[in-house]
Amino acid sequence: APVAAPVATTTTTIPPTITPPTTTPSPIPPRPKPLPPLEVQVGPQSVGAHPGPIAYKKKGGRLAVTDANLFLGRILPEFFPQIFGPREDEPLDEAGVRKAFGQLTAKMNIWEHQRHKLLVEAAEWDRLHGGGNNEEDGIRNEGDNNDGAKKQKITQEDQDVPPMIFKSADEVAMGFLEVQNEAMCRPIRGLTEMKGHDAAKHVLVCFGGAGGQHACAVAESLGMKTVFVHKYASILSAVGIHVADVVEDRRLPMAEKLPKVGVRSESVFSNGKEDGDATGKRSSSTSETPLPNSLLQQLAKLEAEAMVKLLAEEGEEREEEKWRR
């Protein structure tokens, strides 16, 4: 019998389906935030005598305008009494002031370096990711359309990152004085320019122990040409106490029916107690010791001369305007 030949079989292997890996986009890093401002306070409150400025060499002292004047050579320690330090027997601490201003200057320059670094990083972020939410975040709006505001990213060159500005200790100390001088100019402007008066037509009266160190700068800022410095200017407070009336005011709340408008009952004010109950009494005593070369007399004379000069100038201006017409 014939034998059947074996049938050749082929096996086909189907490779498994390879699923391409899904790529997850990396999250956009947050935009670098600007560095908080570095605050250095100068005034308006005085540091006082305790602990006082750094120059007083007392525990807890902090940099003040006195230290700035000492650092810049406007105060000479050899002309000051040796009454500073813990035992009040030392001169002004010039070395401590220089060290303190050096530390503050280094702190400010480090802050400036960090600020500039963050600005550069923010500009680079705007270049890569299309900016932030407004111009400060690196975005410019180019108009509105149906799709909303069209935005254009700003490159680092367009953003004009300000350069780093490092300061010296002298510049920092001078900044103390500039801030203080402007603080003294503001109330003077409030009394003159805000009420329609030209401060440049008046005389600047200098007083206080440190007034002479700031008078010229204040006068220049206000446009004044004359500064009056009295010989008692540094002790004006003591002089004021000497010439002022010694007055005692006492007040008492009262609910009483008065017979006429504007008429008060003297009995209420005359029967008070002396143990702290306000009685309305007013007593005054004035020192009769005359002050040689009175400050008030010289101020009145100077003000009168300035007023006469001002009136003369105004008269000349009126005559000139009349002649022009």
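**Close-ups of a predicted model**

**View 1. Ring pairs link Phe-71, Phe-101 and Phe-176 into a cluster.** Rings of Phe, Tyr and Trp (its six-membered ring) pair up here if their centres lie within 6.5 Å; planes under 30 degrees apart are called stacked, over 60 edge-to-face, and the rest tilted. This is a predicted model, where local features need pLDDT of at least 70, side-chain atom pairs count only at pLDDT 80 or more, and totals for chains, interfaces and linings use all residues. Residues are numbered from 1 along each chain as its sequence is written, and side-chain values use heavy atoms, with hydrogens and water left out. Phe-71 and Phe-101 make a tilted pair, 5.1 Å centre to centre with 45° between the planes. Phe-71 sits in helix H1 and Phe-101 in helix H2, so this pair ties together parts that are 30 residues apart in sequence. Helices are DSSP runs (H or I, at least four residues), as are strands (E, at least two), numbered from the N terminus. Buried means under 20% relative accessible area, exposed over 50%, and partly exposed in between (1.4 Å probe, protein chains only).

**View 2. Tyr-56 and Phe-84 form a stacked aromatic pair.** Their ring centres are 5.0 Å apart, with 25° between the planes. Tyr-56 lies in the segment before H1 and Phe-84 in the loop between H1 and H2, so the pair ties together parts 28 residues apart in sequence. Phe-84 is buried, with a relative accessible area of 8%.

**View 3. The largest nonpolar core has 18 residues.** Such a core is a set of buried Ala, Val, Leu, Ile, Met, Phe, Trp, Tyr and Cys residues joined through side-chain atoms within 4.5 Å. Leu-63, Ala-68, Leu-70, Leu-92, Val-97, Phe-101 and Phe-176 have the most contacts inside it. Take Ala-68: leaving aside neighbours within four places in sequence, Ala-68 is in contact (heavy atoms within 4.5 Å) with Phe-101, Ala-173, Phe-176 and Leu-177.

**View 4. Arg-115 lies in helix H2.** Its side chain makes a polar contact with the side chain of Glu-112 at 2.7 Å. A polar contact is a pair of N or O atoms within 3.5 Å; within protein, one must be able to donate a hydrogen and the other to accept it, and residues adjacent in sequence count only if both atoms are side-chain atoms. Not counting residues up to four places away in sequence, Arg-115 also touches Leu-35, Pro-162 and Pro-163.
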